[in-house]
Amino acid sequence: MPDGKLYVVIRGIDMAYDAKVLLGLFYDRNKIIIKEGNDLSAPDPGSMLITLEKKEHGGGFTAEAAFYDAVNGQEDLSAIVSGSRKPKYISSMKITGDDMNSPGGTLMGNRKIICGTVLYNVLKEAFKKELPYGSLTGVRPVKMAAVCLEDGMDEVQTADLLQRITGISREKASLLYEVACQEKSYMDSDDSEMNIYIGIPFCASRCLYCSFTSYPIDRLVSLVDPYLDALEKELEFGSQWIKDNNLKINALYIGGGTPTALPEGQFARLLSMVRGYFNQVREFTVEAGRPDTINREKLRIIQESGATRISINPQSMNRETLRLIGRNHTPGDITEKFYMARELGFDNINMDIIAGLPGENLDMFLGTLRQIEELKPDNLTVHTMAIKRASILHQAVSEYVSAPDEVVDQMIEAARESARRMGMKPYYLYRQKNMLANLENTGYATPGKGCRYNVETMAERQSILAFGAGSITKIVIPSENRIERTDNVKEVALYIDRIEEMIVRKKEIFSQVTE
Ligand code: SF4
């Protein structure tokens, strides 16, 4: 396979961005040149060419992609595009008006999905590589299975359709269907209810892979009280708006960062403040993610606040891995704090783990699963390692070695089996950029113990009012099929200084909803 430039000529559809994301999973993004206009002049000799075209016809449309290699520098792309050469690989899909009126028709009628899939089909042939999610590159693939479920399709029909129109593997299509069924069981609240997120941007230290708005607390101790003062102003404004509009709260989530990184006095102030403003909620989660930030007193404070769910996150049960990824705790701390929380009566505890952490092999990961099964948490969230731009890992990626894709895949499958052995089902799932093996993050829960907040974040059915540094408010406007967003600045000092501006930003989008 040549390593020259890859020219991509797209016609009849505006999808340069989406195409480039998919192409980037097969080829060096810096060598991909997308041509959407009429500039089809001669390419560099030895380049490859892909054409992607969508044509409308009689109530339906056809998408076609073709791949040509070793393009001669003398021949204009326009000559090839107009048929001077036979492509090496070709894929086309015709969608009729009847298809679009049948169950799953809204998915079949989505031109970008279908064009993405014919493009994926030629990439798969040209580069001899298959992706578990086929042409799907978005964060929320479960939404497609949810459409099928809404249309009355069963698992087999859904998997057949998703395979046909996205190239997804059978296993992943069935997984999406199972998640869609499970998440529905947590979506029993009214569409008009909303959710609250509160970000506490402090943590015990910074993990290697962390991309959250999170700063080691020992460097910012003097900013904690001013931060809580600023947060209180934002909460006061938000709670008044909720009251004025007679809205109900479905789920409340305090994350970050790690809220339990706050010293006891400030942590107690945070929780009493939050409950003072939002006292009627169906679900209340407090992230207690880092075991090295938990003690009996903080657990009592959480309990007295009425929280219904906490997270105590191992990520790995291997001492050496925990050290390597910058977590100041041992596997023993995890079990100790987990049993402490159980003893105090917490009956909905989540644990997060990551498949593909640097230096971990399959045996080490299986060891983590075995120890977690002994603890029997109520939720298990299995992340696939992702190298995120804002992480320390991204800057030093060459210094760390993760397991090869096929091993990460085995880890994810082993975690699925482990969750099943613990009586859990997958109830929410999302994907991110730069995940190893192009896999997914999945939340598993024992019956009724899944997190409503997580489900609503993925389903984008209800608004999320978010407070604190780096948080993003999303107001869902169902009548217009639209979501309005506003974000808060990330840096703690800036958030404190500009709190009035953060409130004005919220007022502006709230006024659009209530006008
Ligand atoms: S515990 Fe979570 S928030 Fe804290 S540094 Fe690690 S990944 Fe980031």
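Is Q315 buried or exposed? I started there and found Q315 buried, with 22 other C-beta atoms within 10 Å. My cut-offs: buried takes 20 or more other C-beta atoms within 10 Å of a residue's own, exposed takes 12 or fewer, partly exposed is in between, and C-beta atoms are placed from the backbone.

**Ground rules.** This is a predicted model, in which local features need pLDDT of at least 70 and side-chain atom pairs count only at pLDDT 80 or more, while totals for chains, interfaces and linings use all residues. Residues are numbered from 1 along each chain as its sequence is written. My helices (H or I, at least four residues) and strands (E, at least two) are DSSP runs, numbered from the N terminus.

Most residues other than glycine have a negative phi, and most peptide bonds are trans. I therefore went looking for exceptions to that pattern. Q315 is not a glycine, yet its phi is positive at about 70°; I placed it in the loop between strand 11 and helix 12 (319-324). K128, also a residue other than glycine, has a positive phi near 50°. K128 sits in the loop between helix 5 and helix 6 (142-150), and it is exposed, with 9 other C-beta atoms within 10 Å. I also noted a cis peptide bond between G256 and G257, with omega about 20°. G257 belongs to the loop between strand 9 (249-256) and helix 10.

**Helix 14.** I checked its length next. Which of its residues are buried? I got F365, T368, L369 and I372. Seen down the axis of helix 14, they fall within an arc of 95°, so they line one face (the arc is that of the directions from the helix axis to the C-beta atoms). On the face turned away from the buried side I listed the exposed residues D363, R370 and E374. The buried residues pack against strand 12 (349-355), strand 13 (379-384) and helix 16 (405-421); contact here needs C-beta atoms, placed from the backbone, within 7 Å. Just after helix 14, K376 has a positive phi of about 55°.

**Strand 12 and its partners.** Six of the seven residues of strand 12 are buried, so it is largely enclosed by the rest of the structure. What does strand 12 pair with? Strand 11 (residues 309-311) pairs with strand 12 in the parallel sense over two bridges, and I349 is the bridge partner of I310. Pairing requires that DSSP find at least two bridges between two strands. Strands 12 and 13 run parallel, joined by six bridges, with N350 opposite N379. I logged strand 12, helix 14 and strand 13 as a right-handed β-α-β unit: with the strands pointing away from the viewer, the path from the first strand over the helix to the second runs clockwise.

**Helix 13.** I ran the length check here too: the 13 residues of helix 13 (residues 331-343) should span 18 Å, and the end C-alpha atoms are 19 Å apart, which agrees. Its buried residues are I334, K337, F338 and A341. They cover an arc of only 105° around the axis, which puts them on the same side of helix 13. The face turned away carries the exposed residues G332, Y339 and E343. Helix 11 (296-305), strand 11, strand 12 and helix 14 are among what covers the buried residues. After helix 13 comes G345, with a positive phi near 105°.

**Core.** The largest nonpolar core has 145 residues, of which L119, A145 and L176 touch the most other members. A nonpolar core is a set of buried Ala, Val, Leu, Ile, Met, Phe, Trp, Tyr and Cys residues joined through C-beta atoms within 7 Å. Helix 5 (residues 111-127) gives the most to this core, with eight residues. Not counting residues up to four places away in sequence, I found L176 touching P141, V142, M144, A145 and L162.

**Strand 16.** Last stop: I464 and A466 on one side of strand 16 (residues 464-467), and L465 and F467 on the other, are all buried. Strand 6 (residues 194-200) runs parallel to strand 16, with four bridges joining them, and Y197 stands opposite A466.

How values were computed:
Contact = placed C-beta atoms within 7 Å. Expected span 1.5 Å × (residues − 1).
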